[in-house]
Amino acid sequence: MLTPLYGSQAFAEDGINIGGAVRVNYGLKFYDEASKDKGGDLTFDMLALTFDGKHGDWGLASEYRFTSYGDFIQKGYLYYSLAPEWELQFGINKVPFGNREFISNSFWEGIPYYLGLEDDYDVGVKATFDNGQWHSDFAFYKNPEYGPSEVNRYAADLYSGSINGTQYANEETNQLNYRQTYTLSQGDLTMTMGGSVEVGQIYNSMTHDTGDRYAVALHLDSSYQGWNLQLQAMEYEYDAKNQADVDSNKIGISVVGWQYEIAAKAQVYNANLAKTFATSWGSVKVYNDFGYMTPDTNDESFDNSLQNVTGMAIAAGPTYTMVDLVMGQNMTFSTEMDDHIGLPEAGDGWDKRININFGYYF
């Protein structure tokens, strides 16, 4: 939902680039009577400032965002080039899990984002190897970029607080990541395939016990003459040592000013198709992103969650506009009952909303 900056500048040699973006957002919820009566809402989305640069073998990458509901850091890390194929990153950097870029094309991102498993940033150290074909990421993260009670954050993390009458007291700590991909190129065809593993601990501040968590994924990102196909299958589990009155089949998450519950264990599948058209003034990318989550819990009343986003991204000069039709079932942010993912759901129809995000980048 809070996609990275489009058209960010390359790192300057022996200097700092200062850039950023201003974005506004139009939204119309077909499942909300007030939204329909008004014909939707046009609101300020965010102001972002970036500071990127390089001096010799050392570099800096950072971004801070000011939004309508709060301000927060998206990333902020130093990096060091050990060799042409090796780089070390220190600080708030992107967690290497899943498809190397995103498992989504839209402003809305994919279901894994809302589970803390896409476009995630944590505090730690990451080593990256890339020789043009083989790409390896090794990382250790001590904890998320903010404390567990914070909701104003870019990346989804475990939440410590009350949700729907349940008092959660969990926080992420001591996380290891490994991702391996291989890129095959043949003429106009490029395929990047690989797998990811994430393991970590969950500390409960009320029981003072430590649980564990894991996630595994297989992913493919392929391109051919402007077409792009992304596929991913993943499984995750949050095994927290909760208080006696907390249901272990679910756990709390917070992101972008909101907190909600998700199934503690599930499988998630993504299939995205896009086509980019070059124009005399920029480009247009049309896409369809589909995500499907199946809870794997002891409670058989937990329901599947689905999200489908059909849209286009229009790049013209310093502007980037994303127009999305978002459809969801049992899915936070895209349905009327937006306080959970994968939990029991009364209905099974598709809720729909239109979202248009316009950004000016400098």
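## Close-up views of a predicted model

**Figure 1. Arginine 213 counts as buried, because its relative accessibility is 5%.** Buried means under 20% relative accessible area, exposed means over 50%, and partly exposed lies in between (1.4 Å probe, protein chains only). The structure is a predicted model, in which local features need pLDDT of at least 70 and side-chain atom pairs count only at pLDDT 80 or more, while totals for chains, interfaces and linings use all residues. Residues are numbered from 1 along each chain as its sequence is written, and side-chain values use heavy atoms, with hydrogens and water left out. Arginine 213 belongs to strand S13 (residues 210–224). Strands (E, at least two residues) and helices (H or I, at least four) are DSSP runs, numbered from the N terminus. The side chain of arginine 213 comes to 3.3 Å from the backbone oxygen of threonine 173. Setting aside residues up to four places away in sequence, arginine 213 touches Glu172, Thr173, Gln175, Glu198, Val199, Gly200, Gln201, Ile202, Glu237 and Tyr238. Contact here means heavy atoms within 4.5 Å.

Figure 2. Two strands pair if DSSP finds at least two bridges between them. Strands of a sheet pair through backbone hydrogen bonds, either parallel or antiparallel. The hairpin of S11 and S12 has two residues between the strands, and glycine 187 in its turn has a positive phi of about 65 degrees. In the hairpin of S12 and S13, five residues separate the strands, and histidine 208 in the turn has a positive phi of about 60 degrees.

**Figure 3. Arginine 179 and aspartate 137 form a salt bridge, with N and O 3.1 Å apart.** The pair links distant parts of the chain, since arginine 179 is in strand S11 (residues 170–186) and aspartate 137 is in strand S7 (residues 134–144), 42 residues apart. Both arginine 179 and aspartate 137 are buried. A salt bridge is a side-chain nitrogen of Lys or Arg within 4 Å of a carboxyl oxygen of Asp or Glu. By this rule, the model has 11 salt bridges.

**Figure 4. A network of salt bridges links Glu145, Arg153 and Asp157.** Glutamate 145 and arginine 153 have their closest N and O atoms 3.9 Å apart. Arginine 153 also meets aspartate 157 in a salt bridge, with an N to O distance of 3.0 Å. Glutamate 145 counts as buried because its relative accessibility is 11%. Arginine 153 is buried, with a relative accessible area of 0%, and aspartate 157 counts as buried at 1% relative accessibility.

**Figure 5. Lysine 142, a residue of strand S7, makes a polar contact with asparagine 174.** The two side chains are 2.6 Å apart at this contact. A polar contact is a pair of N or O atoms within 3.5 Å; within protein, one must be able to donate a hydrogen and the other to accept it, and residues adjacent in sequence count only if both atoms are side-chain atoms. Lysine 142 and asparagine 174 are 32 residues apart in sequence, and their C-alpha atoms are 4.7 Å apart in space. Apart from neighbours within four places in sequence, lysine 142 is in contact with Val123, Glu172, Thr173 and Asn174. Lysine 142 counts as partly exposed because its relative accessibility is 41%.

**Figure 6. Aspartate 52 is buried yet has no salt bridge.** This residue lies in strand S2 (residues 41–55). The nearest side chain of opposite charge is that of lysine 75, 5.1 Å away. For charge, Lys and Arg count as positive and Asp and Glu as negative, while His and the chain ends are not counted. A polar atom of the aspartate 52 side chain lies 3.3 Å from the backbone nitrogen of serine 62.

**Figure 7. Four strands form an open sheet with the order S8-S15-S16-S21 and mixed pairing.** The edge strands are S8 (157–158) and S21 (340–341), each of which pairs on one side only. Strand S16 (residues 258–263) and S21 run parallel and are joined by two bridges. Isoleucine 262 has isoleucine 341 in S21 as its bridge partner.
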